[in-house]
Each structure stands twice: as C-alpha cells, then as structure tokens.
Amino acid sequence: MLHFSIVDVFAVEQYTGNQLAVFRNAAHLSDAQMQAIAREMHFSETTFILSDKPRNSGYDVRIFTPSEEVPFAGHPTLGTAYVIHKQILQRPVEQVILNLKVGQIPVTYADESADVLWMRQNAPEFGKTLDAARLARILNLSPDDIDARFPVQEVSTGLPHILVPLKNIGALRQARVAREEYFALIQHAWAQPILVFCPGGYNGCDLGVRMFADCFGITEDPATGSGNGCLAGYLVKHRYFGTPTIQIRTGQGFEIQRPSHLFLQAEERGDAIDVRVGGRVIPVAEGTLV
C-alpha cells in the first residue's frame, strides 16, 4: 500500500490552484506502475518521492503527467517540498532540496509561517523565435491579437515552453488550441507546451496567463510553475516592463475555475538571469492506494 497526499499549489484558497498527488517511499515502483498511477490520478502531474531518506542533501523525486514523465515542473516541485517538510522532516527548515532529472532544485520559505514557498529555477535558455501568424492560427486568434513588440519564442528553465505575448485579456480569454495544427507544429520541436500571457489580469495581477499542453495530455493547466519561470526570464531578457529585474504576480486558471496566483522574481546578472517562482501550498487530502 502507498500513502499519498493531495495538495493545491499556487492556491488562492483551498480547492483553487493546481492539484498535485504526492506518493512517498515509491522506489519499488516500476516506470510503468508510476505512469499508471499518474494516469489514474489524472492531475496535471503526480510526483513520487523515492525514499524518506535524503541523498546528496536532497530527496529523489520523479514527476509524471498523465501521459509521460517530465524532467521538471513547477507546481510539483513546490507541492512535493511542502509534503517533505510537513510529513518527513516535521520541523522548521530554511529549505528543502529536490533531486530531479534536471538537477537539484532548492525550495525555500518566505518566512517562518511557510505561507509562500519559493523555488530557484535553472537559468533560462532561449530557443528559436516562431512565426506569430502561425501561432495565432493554432490559438484560433487573429495575428492582430499578438503583441508584435515582443517575439514568440521558445524558452526553458528546465521544461521548454513556447511563449506567446498577447495584447489584452480579451485575446487571452478567447484562445483555444486547434489540435491538428498544434501537433504539426510540435512534431519536431524543442518546446511543446504553449504559454500565452497579456498585461493585467484577474484579482489585480500584473499579467494574465494560460498554458496549453495537449502534448502531455493536459488540455489546459491551472497553474504552471515551470512555464511562469520561463516567462520570468523572458520578461527580463526582452525588457517587457522596461527593467532588468521584475517582481510581479501572475494570475492563471481563472478560465477553468481553478484560480491561481504565482509570484515571479527575476534579475539579469551579467550573462545569466536568476529566476525564482513562488506560491502558496494548501493541503487537501491524504489517503492510501491499495
């Protein structure tokens, strides 16, 4: 039997944010068994802590979507660190380190209450720019809906995303993926999920965000830590707000009734950009898989 926890990550309150199932002591499971469990849970991601004992000062963790394993994802990183802190360590700590396929990712706390958790992501890598008109067609938008001042570009802080700047929240709300054209685009692409964003947003957020990842069996993600990390690097590189540093809040998931708030910090330092993404984690349920 396997113990699991369900938490809401980047939550505004309970039953908001992005749902995550976290399984402990899962080293005995095969890849196929982990994938089957993730498919059964059917959240955007499910994580498996291989052991309650640390290795190289971190905890070995694997992340699965309903269709495949991924090397990194944001809300699973924060949610799993929360479970490690509350259930395994059971004492105040300054940080928890996760050993992921992309390397070690540290998660820290904003204050002693641990109300907001922060992860430092890998320095962003910037891939090719894509044709804005083609992305508009894929998103069922007009080319005029895309903000031509900034590029449509592949970016990764561990999991590559295609970032598409939109002009306003009307375009953000209207976006929906034309699956046939989408899969033709990503057939040989480095980045596959599409993250769209626009100025303003819900609940006074600085930006509104949506993320589509049919490639992973996720029609739309309610809160995407990895994608927002890519966005933070992009905003700094292209001086979206006119500065080499940002400290903002984005809103995601409102269109699918899972409102989420994500806190982004980024700073350009020489040739590299430092990226941090934060949010609240709220426990929802615990159980046993028989």
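Phe 150 is buried, at a relative accessible area of 13%; buried here stands for under 20%, exposed for over 50%, and partly exposed for anything in between, using a 1.4 Å probe and protein chains only. This is a predicted model, where local features need pLDDT of at least 70, side-chain atom pairs count only at pLDDT 80 or more, and totals for chains, interfaces and linings use all residues. Residues are numbered from 1 along each chain as its sequence is written, and side-chain values use heavy atoms, with hydrogens and water left out.

So what about aromatic pairs? The structure holds ten of them. Rings of Phe, Tyr and Trp (its six-membered ring) count as a pair if their centres lie within 6.5 Å, and the planes are called stacked when under 30 degrees apart, edge-to-face when over 60 and tilted otherwise. Phe 150 and Tyr 240 make a tilted pair, with 4.7 Å from centre to centre and 40° between the planes. This pair links distant parts of the chain, 90 residues apart: Phe 150 is in the loop between helix H3 (132-138) and strand E10 (153-156), while Tyr 240 is in the loop between helix H6 (225-237) and strand E15 (245-252). Helices (H or I, at least four residues) and strands (E, at least two) are DSSP runs, numbered from the N terminus. Tyr 240 is buried too, at 12% relative accessibility.

Tyr 182 and Phe 183 form an edge-to-face pair, 5.1 Å centre to centre with 70° between the planes. Tyr 182 is buried at 1%, whereas Phe 183 is partly exposed at 32%. Ring pairs also link Phe 150, Phe 197, Tyr 234, Tyr 240 and Phe 241 into a cluster.

## The nonpolar cores

A nonpolar core is a set of buried Ala, Val, Leu, Ile, Met, Phe, Trp, Tyr and Cys residues joined through side-chain atoms within 4.5 Å. The largest one has 82 residues, and Phe 197 and Leu 166 are among those with the most contacts inside it. Helix H2 (residues 74-89) gives the largest share, seven residues. Domain 1 (2-120 + 281-289) and domain 2 (125-279) both contribute residues, so this core lies between them; the domain bounds come from an automatic or database domain assignment.

Apart from that core lies another, of 14 residues, including Ile 6 and Phe 23. As for Leu 166, leaving out residues up to four places away in sequence, the residues it touches include Leu 141, Ile 146, Phe 197 and Pro 199. Contact means heavy atoms within 4.5 Å.

## Salt bridges

A salt bridge is a side-chain nitrogen of Lys or Arg within 4 Å of a carboxyl oxygen of Asp or Glu, and a search of the whole structure turns up 14. Asp 60 and Arg 55 meet in one, at 2.8 Å from N to O. Asp 60 is buried at 19%, but Arg 55 is partly exposed at 44%.

Arg 210 pairs with Glu 255, their closest N and O atoms being 3.9 Å apart. Arg 210 sits in strand E13 (residues 207-213) and Glu 255 in the loop between E15 and strand E16 (260-269), so this bridge ties together parts that are 45 residues apart in sequence. Both Arg 210 and Glu 255 are buried.

Ser 57 has a positive phi of about 70° although it is not a glycine. Ser 57 is in the loop between strand E3 (45-49) and strand E4 (59-64), and is exposed at 62%. Asn 140, also not a glycine, has a positive phi of about 55°, and is partly exposed at 30%.
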